[in-house]
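I wanted a quick look at the fold as a whole and then a stop at one residue.

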Amino acid sequence: PRTTLRFRLDQAGSADLELIDARGRRVQTLELGPRAIGEHSTVWLGTDHRGRAVASGVYYVRLRLDGRILDARSITLVR
């Protein structure tokens with residue numbers, strides 16, 4: 001499965017998205033690099049940092065800009 005993650009930035013900076021499982025373990029970090037103000041999206045392929053498929057379930061997504069956490073939300077991945 002693939003999930004499109006959409007987000008909006010009110011300021012420019014270097015962005016990344018951390019995906020965290022229900023136990024609080026970081027399973028993947030999507031390093032997006034420099035981003036301008038505005039709407040953005042990226043695709044998560046439902047894999048961990050080693051490229052292995054993760055299980056169905058609830059994951060938390062943290063948006064970071066220049067190292068600061070701007071937003072955190074939950075998503076449900078269904079296989």
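**Fold.** I began with the secondary structure and found 6 strands and 0 helices in the chain. Reading along the sequence, I noted the order as β-β-β-β-β-β. I am keeping in mind that this is a predicted model.

**Overall shape.** Next I looked up the dimensions: the C-alpha trace spans about 35 × 20 × 20 Å along its principal axes. I also checked the radius of gyration, which is 12 Å; this agrees with the value near 12 Å that a compact globule of 79 residues would have.

**Packing and surface.** I looked at burial and saw that 38% of the 79 residues count as buried. For contacts with a separation of 6 or more, I noted that 52% join residues 24 or more positions apart. The chain exposes about 5,100 Å², and carbon and sulfur atoms supply 46% of that area.

**Charges.** I counted 14 positive and 9 negative charges, and their mean positions lie 6 Å apart.

**A stop at H40.** I found H40 in strand β4, which covers residues 38-44. Is H40 buried or exposed? Its relative accessibility is 18%, and the cut-off for buried is under 20%, so H40 counts as buried.

Which residues does H40 touch, leaving out those up to four places away in sequence? My list reads L5, R6, F7, L9 and R35.

Terms used. Residues numbered from 1 in each chain as written. Predicted model: local features only at pLDDT ≥ 70, side-chain atom pairs only at ≥ 80, totals over all residues. Heavy atoms only, no water. Helix = DSSP H or I, 4+ residues; strand = E, 2+ residues; numbered from the N terminus. Rg over C-alpha atoms; globule rule 2.2 N^0.38 Å. Buried < 20%, exposed > 50% of the residue type's maximum accessible area, 1.4 Å probe, protein only. Contact = heavy atoms within 4.5 Å. Areas by Shrake-Rupley, 256 points an atom, 1.4 Å probe, with all protein chains shown as cover. Lys, Arg positive; Asp, Glu negative; His and termini not counted. Charge placed at Lys NZ, Arg CZ, Asp CG, Glu CD.
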